[in-house]
Amino acid sequence: MGKTSVGYYPIFVEMEGRRVLLVGGGRVADEKLGKLVDAGADVTIVAPELISAVREVVDRGCATWRPRVYEAGDVRGFEVVMIATDDGAVNAGIAAEARELGIWVNAADDAANCDFILPSLAKRGRIALAASTGGASPALARWLRERLEEFLSDEVTALGDLLAEVRVRARERDHECAASCDRTRPPPPLLCEACPNRISNDAWQAAIDDELRSLLRAGDYEAARARLVASLGLDRPLAIPEWQGQPA
């Protein structure tokens, strides 16, 4: 009986400075290359020819090009290999080499030669939403991405910015409280569970209420910030834990 489920574990991987080999220089390579460059990957392309869009990236100095066909051993020294050819035999050979060396490999539209697959990604500002069908239906994955792009409204992106900004303020207060407390722990979460100054995950969720979203929808970012700060108690002086100054 065939496999009825996939073992993919959804993650976002830090690609800044990671050495990536991209095999192919056509349309599919272009689709992969843009996201890799945006993520800060160190990309080397192996392909006898490049379409103009890929060549432009190389000409800008954002990727290195080896103008030839793939040769055995090209995967050595790379951390990730991405294959963008339509030749199944080539894909299989490259994937086998990469796997023998413990290198993660992805082959476009060729699940048998993939250690990981690329989801459809909707991204706006600091928010990225990914959708995947486990490689079963690229058409559905694209449909889902378009729906996610609709969800990423000005209100949602502003909410992301606001929460990130206020979280910095909350962490500064955490460090201020921790500086005078012997129950401090390495972050996260820094403050112990009993600390009156610790903001729980539930408190953050409760603060994202209808009124906050309404203010963001109306474009009143300052009022929204003030409401969030007040909801989290960040506008009040630090509370003094009852054990502070007592013997440990």
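Residues are numbered from 1 along each chain as its sequence is written, and side-chain values use heavy atoms, with hydrogens and water left out. The model is predicted, so to speak of local features a pLDDT of at least 70 is needed, side-chain atom pairs count only at pLDDT 80 or more, and totals for chains, interfaces and linings use all residues.

**Cores**

Let us start inside. A nonpolar core here is a set of buried Ala, Val, Leu, Ile, Met, Phe, Trp, Tyr and Cys residues joined through side-chain atoms within 4.5 Å; buried means under 20% relative accessible area, exposed over 50%, and partly exposed in between, with a 1.4 Å probe and protein chains only. The largest such core has 19 residues, and L22, L33, V43 and I45 have the most contacts inside it. At least two residues each come from β1 (19-23), α1 (27-38), β2 (42-46), α2 (52-59) and β4 (80-83). These elements are DSSP runs numbered from the N terminus, helices being H or I with at least four residues and strands E with at least two.

L33 touches L22, V43, I45, V54, V57 and A63, leaving aside its neighbours within four places in sequence; contact means heavy atoms within 4.5 Å. Another core lies apart from the largest one and has 16 residues, including L162, V166, I199 and L216.

**Pockets and a cavity**

On a 1 Å grid over the protein atoms alone, a cavity is a set of points where a 1.4 Å probe fits but cannot get out, a pocket is an open set with protein on both sides within 12 Å along at least five of seven lines, and lining residues have an atom within 4 Å of a point. Grid points are joined across faces, edges and corners, and a volume is the space filled by probe spheres set on the points. In the linings, Ala, Val, Leu, Ile, Met, Phe, Trp, Tyr, Cys and Pro count as nonpolar, Asp, Glu, Lys and Arg as charged, and the others, Gly among them, as polar.

| Space | Volume | Lining classes |
|---|---|---|
| Largest pocket | about 2000 Å³ | 28 nonpolar, seven polar, 15 charged residues |
| Second largest pocket | about 420 Å³ | seven nonpolar, three polar, four charged residues |
| Largest cavity | about 40 Å³ | six nonpolar, one polar, one charged residue |

The largest pocket is lined by 50 residues, with N106, I117, L118, P119 and S120 nearest its centre. Helix α1 gives the most to this lining, seven residues.

Around the second largest pocket there are 14 lining residues, and R167, I199, S200, N201 and W204 lie nearest the centre. Here α5 (154-178) supplies the largest share, five residues.

**A hairpin and a glycine**

Strands β6 and β7 pair in the antiparallel sense over five bridges, where pairing requires at least two bridges found by DSSP. A122 stands opposite L129 in β7. Two residues lie between the strands of this hairpin, in which G125 takes a positive phi near 65°.

Finally, G34 is found in helix α1 and is partly exposed, with a relative accessible area of 31%. From G34 to P138 the C-alpha to C-alpha distance is 19 Å, across 104 residues in sequence.
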